[in-house]
Amino acid sequence: MTSYYSHHPKFYVAVDCIIFGFSEGELHLLLLKRNFEPAKGGWSLMGGFTQENESTDDAAKRVLNELTGLEKVFMEQVGAFSAVDREPGERVISVAYYALININEYDRKLAMEHNAYWININDLPPLLFDHQLMVDKARKIMQQKASTKPIGFNLLPKLFTLSQLQSLYEAIYGDEIDKRNFRKRVAEMDFIEKTDKIDKQSSKRGAALYQFNSKAYRKDPKFKL
């Protein structure tokens, strides 16, 4: 074995997961109230160390599954965070990922075991280490991508109203959207399909329920919201 590597320092490589959910018209983050050291009692993202037989992509999927029980979730890399003093005690380089999940479809028992809670994005507590930087960068990336790709549907139930869809994108961008223009753009997208089902919970008159058709989108992937 070559001695080339022995002359260089060794670091820990971790992953951190920024898990977004959508509820009651607002974005939420799934955060841990840490019951372990270091920084026990503080708020942090869910993370873990990359194992010898894993890529960072695989490690992020494993960490997400350990917290939520979910697989095949929309997830993308945010970037590497490598400040020398970003964690106490050891040199740790973390690769952050953001994930979009339906807030009603995760394993609540697993989340409770990890002491994890959904927190409104507008009411976040102080986060440990550089986790707030990760969240801020992830949100910017999500906003950029959500304008041209239908990633937002990962945060919604399979059937949704147009009001729910508009509220979602207002939450993503943190700004109001003109209702008439929004619905005009939606009407131009054949892959957002109106169903024959009615939502009678959100209004007395009832609102039509829609669904995202991934097959239709792949045939004509034109998306602009």
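The following questions and answers concern a predicted model.

Reader: How are the rings of Tyr-4 and Tyr-5 arranged: stacked, tilted or edge-to-face?

Author: The structure holds 15 aromatic pairs. In the pair of Tyr-4 and Tyr-5, the ring centres are 5.3 Å apart and the planes stand at 80 degrees. An angle over 60 degrees counts as edge-to-face, so the arrangement of Tyr-4 and Tyr-5 is edge-to-face.

Reader: Which class describes the aromatic pair of Phe-153 and Phe-160?

Author: The centres of Phe-153 and Phe-160 lie 5.5 Å from each other, with 45 degrees between the planes. Planes under 30 degrees apart would count as stacked and those over 60 as edge-to-face.

Reader: Is Phe-160 buried or exposed?

Author: Buried means under 20% relative accessible area. Phe-160 has a relative accessible area of 1%, so Phe-160 is buried.

Reader: How many bridges join β1 to β6?

Author: Strand β6 is mostly covered, with 8 of its 9 residues buried. With β1 the direction is parallel, and Phe-20 stands opposite Leu-100 of β6. The number of bridges joining β1 to β6 is 9.

Reader: Where is Leu-70 placed?

Author: Leu-70 is buried, with a relative accessible area of 18%. Not counting residues up to four places away in sequence, Leu-70 touches Asn-65, Ile-101, Glu-105 and Tyr-106. The place of Leu-70 is in the loop between α1 (56-68) and β5.

Reader: What is the omega of the cis peptide bond that joins Glu-37 and Pro-38?

Author: Most peptide bonds are trans. The bond between Glu-37 and Pro-38 is cis, and Pro-38 lies in the loop between β2 and β3 (43-44). Its omega is about 5 degrees.

Reader: What is the phi of Ala-39?

Author: Most residues other than glycine have a negative phi. Ala-39 lies in the loop between β2 and β3 and counts as partly exposed at 28% relative accessibility. Although Ala-39 is not a glycine, its phi is positive, at about 65 degrees.

Reader: Is Glu-24 buried or exposed?

Author: Glu-24 also has a positive phi, near 50 degrees, and its place is in the loop between β1 and β2. A residue counts as exposed over 50%. Glu-24 has a relative accessible area of 80%, so Glu-24 is exposed.

Conventions:
Residues are numbered from 1 along each chain as its sequence is written. This is a predicted model: local features need pLDDT of at least 70, side-chain atom pairs count only at pLDDT 80 or more; totals for chains, interfaces and linings use all residues. Side-chain values use heavy atoms; hydrogens and water are left out. Rings of Phe, Tyr and Trp (its six-membered ring) pair if their centres lie within 6.5 Å; planes under 30 degrees apart count as stacked, over 60 as edge-to-face and the rest as tilted. Buried means under 20% relative accessible area, exposed over 50%, partly exposed in between (1.4 Å probe, protein chains only). Helices (H or I, at least four residues) and strands (E, at least two) are DSSP runs, numbered from the N terminus. Contact means heavy atoms within 4.5 Å. Two strands pair if DSSP finds at least two bridges between them.
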